[in-house]
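This report covers helix packing and the nonpolar core of the structure shown here.

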Amino acid sequence: IGIAINDGNFGKLNEAIEKGDLTAAFEAAHALKGVLSNLSLTPILKPVTEATELLRSGTQTDYSGYLAEINAKRDELKALCEG
C-alpha cells in the first residue's frame, strides 16, 4: 500500500488539473484508478473513479472537490501506513 500512496500520479493529477491539461489529468487518474483498484482501496478509489470518468469525456468542470477528497483520503492512508 505504501507504494500506491506514494505513486507519482497523484502529483501529476494535481498538476495537470491546475494547468487545465485534461488529457494528462486523465492519464494520471486512469493509472491511479488501476493501482487503487488492484489493491481494493475503495475509499480513495471512489473519487478517483468519478474524476477519471469525467476526464475521459473531457468534461470541463471544477475538479477541486475531487482533488480535495483524493488528497485527504491519500493523507489518511499515509497516516495509517506510517502508524
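## Contacts of L13

Beyond its neighbours within four places in sequence, L13 is in contact (heavy atoms within 4.5 Å) with A25, A28, A29, L32, L55, L67 and I70. The model is predicted, with local features needing pLDDT of at least 70 and side-chain atom pairs counted only at pLDDT 80 or more, while totals for chains, interfaces and linings use all residues. Residues are numbered from 1 along each chain as its sequence is written, and side-chain values use heavy atoms, leaving out hydrogens and water.

## Nonpolar core

L13 also belongs to the largest nonpolar core, which has 22 residues; L13, I17, L36, I44 and L55 touch the most other members. Such a core is a set of buried (under 20% relative accessible area, 1.4 Å probe, protein chains only) Ala, Val, Leu, Ile, Met, Phe, Trp, Tyr and Cys residues joined through side-chain atoms within 4.5 Å.

At least two residues of this core come from each of α1 (2–5), α2, α3, α4 and α5 (64–82). Helices are DSSP runs (H or I, at least four residues) numbered from the N terminus. The largest contribution is that of α3, with seven residues.

## Packing of α2 on α3

Helix α2 (residues 9–19) packs with α3 at an angle of about 155°, their axes 8 Å apart. This makes α2 roughly antiparallel to α3 (angles over 145 degrees). Axes are lines fitted to C-alpha atoms over the stretch in contact, and angles run from 0 to 180 degrees between N-to-C directions.

## Packing of α3 on α4

The axes of α3 (residues 22–38) and α4 (residues 42–56) come within 9 Å and cross at roughly 145°.

Terms used:
Angles under 35 degrees count as roughly parallel, over 145 as roughly antiparallel, 65 to 115 as roughly perpendicular and the rest as oblique. Buried means under 20% relative accessible area, exposed over 50%, partly exposed in between (1.4 Å probe, protein chains only).
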